[in-house]
Amino acid sequence: PSGSGKSTIFRLLMGHYPVARGWASAFGMPLHAYSLHELRDLFAFVPQDAYLYAGTVLENIRYGKPKASEEEITAAAQASYAHEFILELPDGYNTLVGERGAHLSGGQRQRIAIARALIKNAPVLLLDEATSSLDSESEELVQQALQVLMRGRTTIAIAHRLSTIEHADIIYVMEAGRVVDQGGHAELVEKDGLYHKLYQLQFKDAA
């Protein structure tokens, strides 16, 4: 449910604030053993509403890897299903996107954010409701781009929509700041717990 602490976990992982109690580790090392720069290099983050800077498309993708060549940027855009729409923009990759990407649609902004995450090539991918604010057509394109991005990476995905995580290796169910259950999708659906209740609410119309 909303407010259960899902996004807080991402903020802790990326060092937005220190772990005050308990412990958290990445790759066998406690988070405090990393510098902030080292810690954030471990993660590529794609939020629900991608933040774009008021520069060009090329600059926004390159932000994931400041020394990336134009060939690398183009390859990342192609892999994220962004290249075709970028070429249709008035100045292609040199088109100004506007403050927070205001000149682009939500689906276009997300695909540029995915290209930025691809070019960063971090070992862990954090997805925070990355398709929840999109229409069906845009969601399908973004999902295809995410499938490319997830290959060979550990992916931690926050989701309210259970269809987006039903193939996850393990699902953690959160409520009021705590993990209240964990397991695979089929296992959790069979239990009479919070996940089962959410599943019933979301899929009752399809049943």
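Two strands count as paired if DSSP finds at least two bridges between them. The legends below describe a predicted model.

Strand S4 covers residues 124-128 and is joined to S5 by five bridges. The two strands run parallel. Within this pair, Leu127 stands opposite Ala157 of S5. The whole sheet is open and has three strands, in the order S3-S4-S5. Its pairing is parallel. Strand S3 (43-46) and strand S5 (154-158) form the edges, each pairing on one side only. On average, neighbouring strands of the sheet are turned by 15 degrees against each other, direction ignored.

**Close-up B. Helix H7 on the sheet.**
Helix H7 spans residues 136-150 and lies across S3, S4 and S5. The helix runs at about 155 degrees to S4. Ser138 belongs to H7. Is Ser138 buried or exposed? Its relative accessibility is 13%, so Ser138 counts as buried; the cut-off for buried is under 20%. Gly101 lies 37 residues from Ser138 along the chain, and their C-alpha atoms are separated by 16 Å.

**Close-up C. The largest nonpolar core.**
This core holds 32 residues. Val46, Val57, Ile61, Ile86, Tyr93, Ile114 and Leu149 have the most contacts inside it. Two or more core residues come from each of S3, helix H3 (57-62), helix H4 (70-79), helix H5 (83-87), helix H6 (106-120), S4 and H7. Which element gives the largest share of this core? That is H6, with six residues. Beyond its neighbours up to four places away in sequence, Ile61 touches Ile73, Ala77, Ile86, Tyr93, Ile112, Ala115, Arg116 and Ile119.

**Close-up D. Phe85 in helix H5.**
Phe85 is placed in helix H5. With a relative accessible area of 9%, Phe85 is buried. Leaving out residues up to four places away in sequence, Phe85 touches Gln108, Arg111 and Ile112. How far apart in space are Phe85 and Met150, C-alpha to C-alpha? The distance is 22 Å, and the two residues are 65 apart in sequence.

**Close-up E. The loop between H6 and S4.**
Two residues of this loop are shown, Asn121 and Pro123. Asn121 is not a glycine, yet its phi is positive, near 60 degrees. Asn121 has a relative accessible area of 55% and is therefore exposed; the cut-off for exposed is over 50%. Pro123 has a relative accessible area of 35% and is partly exposed. Which residues does Pro123 touch, not counting those up to four places away in sequence? The contacts are Phe27, Asp41, Leu42, Arg153 and Thr154. Arg21 is 102 residues from Pro123 along the chain, with 26 Å between their C-alpha atoms.

**Close-up F. Arg100 in the loop between H5 and H6.**
Arg100 sits in the loop that joins H5 and H6. Its phi is near 60 degrees, a positive value in a residue other than glycine. Arg100 has 43% relative accessibility and counts as partly exposed.

**Close-up G. The hairpin of S6 and S7.**
S6 and S7 run antiparallel and are joined by five bridges. Val173 stands opposite Asp181 of S7. How many residues lie between the strands of this hairpin? There are two. In this hairpin Ala176 takes a positive phi, near 50 degrees.

**Close-up H. The largest pocket.**
The volume of the largest pocket is about 1500 Å³. Its lining comprises 45 residues. Thr155, Ile156, Ala157, Ile158 and Ile165 lie nearest the pocket centre. Several elements give two or more residues to the lining. The helices are H1 (6-13), H7 and H9 (194-203). The strands are S1 (25-26), S4, S5, S6 (171-175) and S7 (178-183).

Notes
Residues numbered from 1 in each chain as written. Predicted model: local features only at pLDDT ≥ 70, side-chain atom pairs only at ≥ 80, totals over all residues. Heavy atoms only, no water. Helix = DSSP H or I, 4+ residues; strand = E, 2+ residues; numbered from the N terminus. Axes fitted to C-alpha atoms, helices over the stretch in contact; angles between N-to-C directions. Contact = heavy atoms within 4.5 Å. Core = buried A, V, L, I, M, F, W, Y, C linked by side-chain atoms within 4.5 Å. Buried < 20%, exposed > 50% of the residue type's maximum accessible area, 1.4 Å probe, protein only. 1 Å grid on protein atoms, 1.4 Å probe; cavity = no way out; pocket = protein on both sides within 12 Å on 5 of 7 lines; lining within 4 Å. Points joined across faces, edges and corners; volume = space filled by probe spheres on them.
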